[in-house]
Amino acid sequence: MRKKVWTLAFSIIMVVAPFAIYETHADSLRLDVKEHVFENGLKLLMLEKHDVPIACLRINYKAGSVDERPGITGVSHLFEHMMFKGTKIFGTRDYHAEKPLLDKEDELVALIAKERNKDVPDNERLESLRKELEEVREKLRELVVKDEIFALYLRHGGAGLNAATGIDGTYYFCDLPANKLELWAFIESDRMKNLVLREFYSERDVVLEERRLRTENSPFGLLMKHLRAVAFIAHPYRWPTIGWRSDIENITKEETDEYFRKYYAPNNTVIVMVGSFNPDDAIQLVERYFGDIPAQSSPPKVKTVEPEQRGERRVAIEFDSNPYLAISYHVPAIGHPDIYALHVLGSLLSDGRTSRLYRSLIEDRRIAVMAHAFCRISKYPDSFVFVATPRAPHTAEEVELAFYEEIEKLKVNPPSDWELQKIKNQLEAEFIRGLNSASGLANEIGHFEVLSDWRYINTFMDKLARVTAEDIVRVTEKYLTKRNRTVATIVKKEEKKTGEIP
Amino acid sequence: MNINKCGVLLIVFVSYLFSVPNTSTLVAQSVTPGYGHERSSALPPAETPESEGGRIVSRLEFEPLDFVPPKVERVVLENGMIVYILEDHSLPLFDLVARIRTGAVYEPPEKEGLANLAGHVMRSGGTVSMSADTINEELEFIAASVETSIDRESGTAALSVLKKDIDKGLNIFADILMNPAFPEDKIRMRKDEVIEAIRRENDHPSQIARREFRRIIYDASHPYGRKVEGTLETIERITRDDMVAFHKKYFYPNNIILGISGDFDKEEIIKKLTKVFAGWERKEIQFPEVSKIVRQYERSVYYVHRDINQSNIMMGHLGIHRRNPDYFPVMMMNFILGGGSFKSRILSRIRSDEGLAYSASSVFQTAQDIGIFFVSCQTKLESTNRAISIALEELDKMRRMPVDAEELSQAKETFMNQFIFRFITSASIVRQKVDIEYEGLPLNYLETYLDSVKAITREDIQRVAREYLQPDGIKILVVGNKEKFDKPLDNFGKVTLIELK
């Protein structure tokens, strides 16, 4: 499983040197983030770190797959790709010549789809439409300046150039030498103001390839996608971030554009800067480039609440591979007091060689080669997840039962002082190690701001420090119940035996 | 906490593809340029930018960067151990990395997997005086880590600990290097894990492709063609005695390069190192001879059947040495060809132009001897042939025509301006120094990096393209379902079917 993306610590005892990037308050460590909100609602979060002259820049939109609806699932992620396709002044030799051709392309694509969907399509007409479309695309290609935004960043020393989409947000990453801040402000503000959905149809195909790669031909991707689809029956966390295949295939430029206008406004955006810069200068720079982008009305919140689960759900996915197992339990959203104990519970179960799952399933019983547990903290109520790779001849069922035994064991054999202190020491050390990475800090601050508020990082520390063995037992009893769980397994497609019920 | 990040847009790190240890994979993101970091060092763009935005950007002025990378000291201890040292008092941390000259290339073919197994159990099995449980508990309680591994051409050991626990960490680290216990039960446990991993390789099309491709490129009997993890047959043949002997052969202070960084005093740390390694004598090591790779190119096509809806394509041939004098031009040529992500020709055509694949890239992977050059991509079955053809066309074009001045300028500026990212943590700086010495590169490699990049010309690029890209002698491997391919694979040559076990 993926390593923890962020880590936090608590009260700090042995740190002596005063660090520029955080303040110490009485007995706890805090990130010293400066905040500025512009008139149009755009939020800028800044953390100075002057050891190396770089700046880690993040533009995060509070728009993720949770904001989508059936029919356009995957649009946030598709949009993540489209943001690299340029604007009216980037990525094109002449936007005025390009615009009518883009319109014509859309029109032809729509006509082809309409004809193809007829009961008896007119093949001759289809053929001529396709030819016409190819001619238009030929002309468009001549006007495009390929991947220009990416190229500009690269040649100016951009590193870690990437973007990611999650259930709650979309994240754009860019690390630059510190003298290139203006380049970034110019490009990014233009992306917000003047985005052009060019090369839309070929990029949709790229996303379909990504889908084949990540979920359709990957047993683990397939497993996690099904786990969520079954664990959530009402809430939008049920669809995969990449979207359902049929939605991606049919999503239109119009729908994408409409989604953009609703969710990608300054008032729904947070900019994070960590690195070597002067905060006052940074505020001025952002004001100069982003200040004139108008605010939009606040995007709607998700109203659907996942109903309480009223019994175990199971799904067995047939796929040509060895078995894999995943189990999910519903837990509350960020901000709920139980989240802290659930987070510590995840560490207790599976962080390191002295964790309970490692000792029991991997080392002693040797029924699995990988066994992890973690609490997913999200904007809306999410899940506590177990995943495992069984070791043959041991089966997914055996590992599943072993998980339940570990859960039961927690109730009679609560975490010892040693176990709890170990976890707290680790969180503290990881916090300090995290301070080394400007890039990691930028991700963390931005991520928590998307979920609720970056200040969560600072309070999280203290709250984790107060988690007791009783808290852990209590949340285990409350959430890790049969009624609240969903079990998903990958099983090899088997030939039907005679006499078996089909 | 897990962020449900699904759609990471770019594929930038391709280095996981092969388990050659002391390699550097030539991708743009991981390679960045020398000292002194002024914009003036960048070349002027050869042409006026094509877009309005590009023209505005070209008129922006940037202050020069003021940055002098910290100086790393190199010390040789009395026992022969080479130590790179960088004090950094900004955080109460201590990091140590070691590279040990050893590797799977030195194991006998019938014991394939021995080095890797030994490298793992050194840590997981505990030491003669400390059980694995004790070590795990001690380290995890102080939030420290010690890890060891042995790969194809190198052994690695690392320690990470808070300043206050340096002594405790160093003691355990040294004990593991010098006195591993190799207990039978931990050997059995690791063998079982390796066996399970081998059993599961065929679950993942990309793993099938990587494994088979290496076997195709190198003679199956050569250590470069074998599997570092071993096979189901060889794993069971490896005994505890083999592992003890393997460790005994290579683990000596004069065979180790250390890199240490963090919050400590230099003199004091040298004393501590001398103390924890006291009594560990140097020894002359006889390295078994590894037969030379013979450079040859021969066109061939291979097919693995899997009932999936996407082809996994790998195509390539033998590449270059890490110490090849053409290394820099080759790196630059590959950036333009397929290493520079969106700025590379291969990704631009296969992904941006035609939407055929999510990722497509080319890599020159280097080793102590000749490494591998390969292009890889995944595409729907119906565009398999098309994607291969495009890649071949681009290889051919790179040989036939000089690159544009603008392309070269873009590539050079990228390397030079990204250089600063090599220095973002003390641990990463020290690590590079250790690697440079281990790989036998000039010790002033970083100091001369920018000049090496600057010196490259269009003629150099074309010369190395002609020498090191051989589309007529390329080997093509496809994992997929040929029923739906756009054209039969024998378009590219006689197809050999690889049966999966």
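**Before starting**

Residues are numbered from 1 along each chain as its sequence is written, while chains are lettered from A and ligands numbered from 1 in the order in which they are written. Because the model is predicted, local features need pLDDT of at least 70 and side-chain atom pairs count only at pLDDT 80 or more, whereas totals for chains, interfaces and linings use all residues; side-chain values use heavy atoms, with hydrogens and water left out.

**Stop 1: a strand with two partners**

Select residues 170-177 of chain A, which make up strand β7. Helices (H or I, at least four residues) and strands (E, at least two) are DSSP runs, numbered from the N terminus. Eight of the eight residues of β7(A) are buried, where buried means under 20% relative accessible area, exposed over 50%, and partly exposed in between (1.4 Å probe, protein chains only).

Two strands pair if DSSP finds at least two bridges between them. In this pairing, A:Ile54 stands opposite A:Pro177.

The strands β6(A) and β7(A) form a hairpin, with four residues between them.

**Stop 2: the nonpolar cores**

Select A:Trp184, A:Phe290, A:Phe384, A:Phe386 and A:Phe403, the residues with the most contacts inside the largest nonpolar core, which has 214 residues. A nonpolar core is a set of buried Ala, Val, Leu, Ile, Met, Phe, Trp, Tyr and Cys residues joined through side-chain atoms within 4.5 Å. Helix α10 (residues 327-339) of chain B gives the most to this core, with nine residues. Apart from this core lies another, of 80 residues, among them B:Ala144, B:Phe173, B:Ala174 and B:Met243.

Return to A:Phe290 and display its surroundings. Leaving aside neighbours within four places in sequence, A:Phe290 is in contact (heavy atoms within 4.5 Å) with residues including A:Leu42, A:Ile59, A:Trp184, A:Met192 and A:Ile271.

**Stop 3: aromatic pairs**

Rings of Phe, Tyr and Trp (its six-membered ring) pair if their centres lie within 6.5 Å; planes under 30 degrees apart count as stacked, over 60 as edge-to-face and the rest as tilted. By this rule there are 42 aromatic pairs over all chains.

Select A:Phe79 and A:Tyr264, a tilted pair at 4.5 Å centre to centre with 45° between the planes. A:Phe79 is in helix α1 (residues 75-82) of chain A and A:Tyr264 in the loop between α9 (253-263) and β8 (269-275), 185 residues apart. Both A:Phe79 and A:Tyr264 are buried.

Move to chain B and select B:Tyr303 and B:Phe485, an edge-to-face pair with centres 6.1 Å apart and planes at 90°. B:Tyr303 lies in strand β7 (residues 300-305) of chain B and B:Phe485 in the loop between β11 (475-480) and β12 (495-498) of that chain, so the pair ties together parts that are 182 residues apart in sequence. B:Tyr303 and B:Phe485 are both buried.

Back in chain A, a cluster linked by ring pairs includes A:Tyr61, A:Phe79, A:Tyr172 and A:Tyr264.

**Stop 4: arginines over rings**

A charge sits over a ring if NZ of Lys or CZ of Arg is within 6 Å of the ring centre and within 35 degrees of the ring normal. Select B:Arg99, whose charged end sits over the ring of B:Tyr438, 4.3 Å from its centre. Then select B:Arg322, whose charged end sits over the ring of B:Tyr327 at 3.8 Å from the centre.

**Stop 5: a link between chains**

Select A:Arg214 in helix α6 (residues 200-216) of chain A. A:Arg214 counts as partly exposed because its relative accessibility is 28%. Its side chain makes a polar contact of 3.0 Å with that of B:Tyr358. A polar contact is a pair of N or O atoms within 3.5 Å; within protein, one must be able to donate a hydrogen and the other to accept it, and residues adjacent in sequence count only if both atoms are side-chain atoms.

**Stop 6: backbone details**

Select A:Ala392 and A:Pro393, joined by a cis peptide bond with omega near 5°. A:Pro393 is in the loop between β12 (383-390) and α13 (396-412) of chain A.

Finally, select A:Glu199, which has a positive phi of about 55° although it is not a glycine. A:Glu199 lies in the loop between α5 (181-194) and α6 of chain A, and is buried, with a relative accessible area of 17%.
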